[in-house]
Amino acid sequence: MDIRTTCPYCGTGCGVVATVEDGRIVRVVGDETHPANFGRLCSKGATLELTTLTATRALHPELRTAKSQPRRSATWDEALDHAAEKFAAIIRDHGPDAVAFYVSGQLLTEDYFVFNKLARALIGTNNIDSNSRLCMSSAVSAYKRTLGADAPPCSYEDVALAECILIAGANPAYAHPVVFRQVMDAKAANPDLKLIVVDPRATDTAAAADLHLAIEPGTDTVLFGAMLQVLIWDGYLDRRFIDAHTTGFETARDAVRELTPEAAARICGVKAEDIVTAARWFGQSTAALSLWCQGLNQSQHGTDNGSALIHLHLATGQIGRPGAGPFSLTGQPNAMGGRETGAMATLLPGHRDPENAADRAELARHWNLPALPERPGKTAVEMFDALGRGEIKAIWIACTNPAQSLPDQARVRAALERAEFVVVQEAYADTETAVYADLLLPAATWGEKEGTVTNTERRISRVRAAVAPPGEARPDWQIARDFALRLGEKVSRGDTPRLFASDGPPGIFAEHASLSAGRDLDLSGLSYEILERDGPQQWPYPAAAAAGKTRLYEDRRFATADGLACFVAIRHATVAEPTDARHPLHLNTGRLRDQWHGMSRTGLAARLYNHAETPVAACHPDDLQRRDIAPGDLVRVKSRRGEIVLPVAADAGQKPGHVFVPMHWGRRRLSSAGANELTVPALDPHSKQPEFKHAAIRIERADLPWRGLLLRRTADPETALRWSAALASALREFGYAALALVGRDATLLTLQLAAAAAPDTALLARVAAILGLDDERALAYADGRRGIAKRALVEDGLLTGLALFGEVAAGAWLKEAMLADQPIEPLRPWLFLPAATPPANLAHHRGRIVCSCKNVSETDIADAVAAGATGQEQLQERTGCGTGCGACLPELKRMLLSLRQAA
């Protein structure tokens with residue numbers, strides 16, 4: 001049976017077709033009829049069936065009634081009754097603002113809507129916020145300040161129609177691969193199309209650019225201001241558009257009068273002539289499109305970054321027409337749906353404003369309430385700060401992992417430890433946040449839920465259940481509703497049964513749609529019936545409409561009170577935390593190609609580790625040489641808030657003085673909390689989005705001479721996940737630990753260890769026993785004098801387990817032998833050899849996997865080039881690399897160029 005549904009990863013909103021056999025999802029492919037992707041998928045979406053495992057799932061409610069107790073299994077009735085009693089008591093004793101809800105951009109629109117009604121209508125608090133605060137709230141604020149509404153005006157079809165594309169603070173080659181392939185298709189179809197990329201790093205996206213502006217962190221507004229100055233003085237303005245359809249231009253013009261390209265170049269660290277070129281390409285184009293993401297948003301002035309970029313469009317009239325406009329790339333599958341439903345502290349349903357008395361009154365009338373709360377709610381970082389201060393006593397966390405994803409993790413952990421009552425509503429029982437749950441509620445997840453999501457281009461798609469949830473897991477909207485009905489018996493603000501009368505997603509969506517009538521996002525003409533009949537639709541889609549609207553503002557009337565777009569005051573700040581003598585390096589954090597967010601889903605698929613098995617701190621080679629650090633050395637990365645230990649990698653794509661650390665890893669797979677142990681909780685004053693993209697750090701070699709390595713192979717991925725979950729609590733007992741799953745047909749668990757001195761033998765024995773390496777059949781070697789111990793497990797003629805303690809030189813090639821299913825006999829004499837180079841008969845080295853879909857490695861590509869594959873098409877024919885999802889194509893092109901130059 002094939003089920004059409006929508007991918008649960010980024011905001012591209014790709015349609016997928018899930019094939020179900022015997023109650024399991026066994027295959028996922030792109031939906032060729034879906035207008036967001038027309039069948040294309042990235043490496044993550046193309047492996048969704050590999051993530052539908054249950055070993056790490058929350059299957060039953062778990063409850064503890066005292067912090068000193070472990071959680072125990074509970075019935076749903078007991079769990080929800082207890083939660084209602086706790087929330088009611090706290091509300092009675094401390095008021096409604098003593099509780100809070102922290103929800104997720106991965107919830108469906110219907111889930112969001114019920115949670116929002118629970119917080120605002122039933123309890124009477126604005127303390128509801130989403131993890132979308134961490135990724136998209138600055139784009140929201142920028143759109144509202146300049147255009148009047150949180151409404152991305154463009155569509156994906158504009159990519160093919162653009163003549164100039166400016167990508168700022170985004171690496172869609174990794175984070176939005178399907179969109180990036182559209183960009184590459186547009187460039188192939190129109191060789192005159194100019195691609196400008198603004199990014200401190202030389203990413204795969206930047207490698208495709210005609211002009212790469214590698215600016216210094218936090219200088220985006222200076223760059224865009226200087227570009228505006230060029231547009232003004234070189235005569236690229238659309239004066240007719242400015243005069244008829246905007247306000248505030250004179251103030252914006254005066255603000256950049258002295259911001260010459262030469263002045264900006266000194267601040268931004270790029271050439272003045274490159275700033276001029278970028279501005280002229282943008283101004284000369286009849287269709288200029290901008291794409292941006294976290295590099296602009298995750299800043300203490302993220303709203304100003306987006307606003308300054310939108311100014312370029314307003315100054316040239318590049319909006320509301322084919323191929324033109326400011327187009328923010330959404331980070332989560334339904335961040336847009338959360339914004340529509342108002343499930344953020346600064347929003348109300350239908351793009352209403354909680355600070356607007358008329359908006360509050362209108363919504364209160366709809367819900368038959370005397371009033372909605374006026375007091376501003378706490379946004380994400382503020383919410384956990386209030387939890388830490390004891391102002392918020394109870395928090396309900398749904399489908400998100402703040403103990404990994406919020407900045408300044410030490411402060412977040414302290415807040416969760418202090419909280420009186422923590423509810424975690426989650427599909428996965430092993431998240432970093434689940435540790436703090438007094439009540440863990442098992443939620444259904446992708447493939448098990450019905451509802452809708454809205455993607456980057458305002459397109460609403462159906463999400464359909466393909467299989468039943470495992471155990472006692474329930475849909476998120478149902479959990480929130482059932483809790484609300486119980487709490488309503490104790491906290492009376494209205495007719496609770498009437499408030500929560502909808503008995504399923506279609507009815508919830510209908511109420512949500514009705515609340516949008518007459519507003520900028522009007523989707524009152526949409527229903528489940530229309531979505532089923534006509535497929536995904538864009539908003540606005542008012543009543544009696546035949547279709548949604550492809551692009552906004554074609555009539556040049558904007559969503560402000562007077563219909564005019566606004567040039568707004570821009571604050572030319574840089575970074576919240578400047579470097580200094582003790583912390584001289586710039587930290588940048590971001591995404592990798594094959595992982596997503598905190599890896600609760602992608603971390604289940606071994607294939608998605610093959611491209612990047614563990615996180616590294618990527619530094620410019622000069623910075624390593626200056627510190628006498630070699631690639632592969634372990635280093636301490638230290639900020640003013642904490643430190644982590646990672647291997648270091650030399651990366652000429654980094655600017656000198658810059659370090660890049662991926663954001664995905666946390667305490668389940670590392671001995672530290674990962675990148676967010678280091679990040680700054682500084683907030684944008686408009687959006688309240690934290691500055692993840694910069695912190696001042698230093699690096700120094702980590703003195704951890706003792707090394708260990710464990711490898712364990714299994715044909716059952718569920719077994720590998722159980723091993724991984726059992727090992728997680730031991731990771732922090734080492735100076736460095738990194739846990740991963742790699743492989744393809746079989747799964748190989750890898751655990752790399754380092755310590756200042758040999759760990760306690762009982763700890764090593766416990767770790768080995770978890771992996772079954774205490775088996776009496778295991779081969780063993782020990783050198784007590786040198787503190788070396790090794791064990792190897794052989795099953796059915798294959799090496800299936802290996803523990804190397806105290807000496808790990810052979811670990812890399814033994815790992816490759818295990819991945820290749822190398823028979824044990826040629827391996828046996830060399831199992832405990834302390835040599836980094838394998839014997840001649842075992843010398844084949846595949847290296848890192850480049851193409852996850854076709855399992856093509858660096859060595860495979862090099863061998864094909866050496867055998868005569870001179871172009872991309874020949875290389876693809878010989879290896880298959882890049883013929884699946886295509887996410888590896890940018891890297892493939894880069895490797896091909898490098899190999900040609902080396903030859």
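Before you click on anything, one term: a residue is buried when its relative accessible area is under 20%, exposed when that area is over 50%, and partly exposed in between (1.4 Å probe, protein chains only). Helices (H or I, at least four residues) and strands (E, at least two) are DSSP runs, numbered from the N terminus.

This is a predicted model, in which local features need pLDDT of at least 70 and side-chain atom pairs count only at pLDDT 80 or more, while totals for chains, interfaces and linings use all residues. Residues are numbered from 1 along each chain as its sequence is written, and side-chain values use heavy atoms, with hydrogens and water left out.

**Stop 1: strand β25**

Select residues 658-662. His658, Phe660 and Pro662 point one way from this strand, Val659 and Val661 point the other way, and all are buried. With five of its five residues buried, β25 is largely enclosed by the rest of the structure.

Strand β22 (residues 617-619) pairs with β25 in the antiparallel sense over two bridges.

Is Met599 buried or exposed? Buried, at 1% relative accessibility.

**Stop 2: the loop between β19 and β20**

Jump to Pro540, in the loop between β19 (537-538) and β20 (565-566). Look at the peptide bond joining Trp539 and Pro540: it is cis, with omega about 5°. Ala544 is found in that loop too. Phi of Ala544 is near 75°, a positive value in a residue other than glycine. At 85% relative accessibility, Ala544 counts as exposed.

**Stop 3: helix α17**

Select residues 380-389. Ala380, Val381, Met383, Phe384, Ala386 and Leu387 are buried in this helix. Here the general rule is that an α-helix has 3.6 residues a turn, so residues three or four places apart point the same way. What do the buried residues of α17 pack against? Show β6 (99-103), β7 (128-130), β14 (394-398), α18 (402-405) and α19 (409-418). Just after α17, Gly390 takes a positive phi of about 90°.

**Stop 4: the six-stranded sheet**

Next, show the open sheet ordered β28-β29-β27-β32-β31-β30, with antiparallel pairing. Strands β28 and β30 (779-783) stand at the edges with a single partner strand each, so one side of each has no neighbour in the sheet. Neighbouring strands of this sheet are turned by 10° against each other on average, direction ignored.

Zoom in on β31 (residues 788-795) and β32 (residues 798-805), which run antiparallel and are joined by seven bridges. Leu793 stands opposite Gly801 in β32.

Then bring in helix α25 (residues 717-727), which lies across β27 (706-714), β28 and β29 (747-755) and runs at about 20° to β29. For such angles, axes are lines fitted to C-alpha atoms, for helices over the stretch in contact, and angles run from 0 to 180 degrees between N-to-C directions.

**Stop 5: the nonpolar cores**

A nonpolar core is a set of buried Ala, Val, Leu, Ile, Met, Phe, Trp, Tyr and Cys residues joined through side-chain atoms within 4.5 Å. The largest one has 82 residues, and Leu710, Leu751 and Leu827 touch the most other members. Its largest share, seven residues, comes from strand β28 (residues 736-743).

Centre on Leu710 and show its contacts (heavy atoms within 4.5 Å). Leaving aside neighbours within four places in sequence, these include Leu749, Leu751, Val767, Leu771, Leu802 and Phe805. Another core, of 69 residues, lies apart from the largest one, with Ala139, Val198, Ala288 and Leu296 among its members.

**Last stop: zoom out**

The protein has 31 helices and 34 strands. Along its principal axes the C-alpha trace spans about 80 × 65 × 55 Å. Buried residues make up 63% of the 903 residues.

Methods
Two strands pair if DSSP finds at least two bridges between them.
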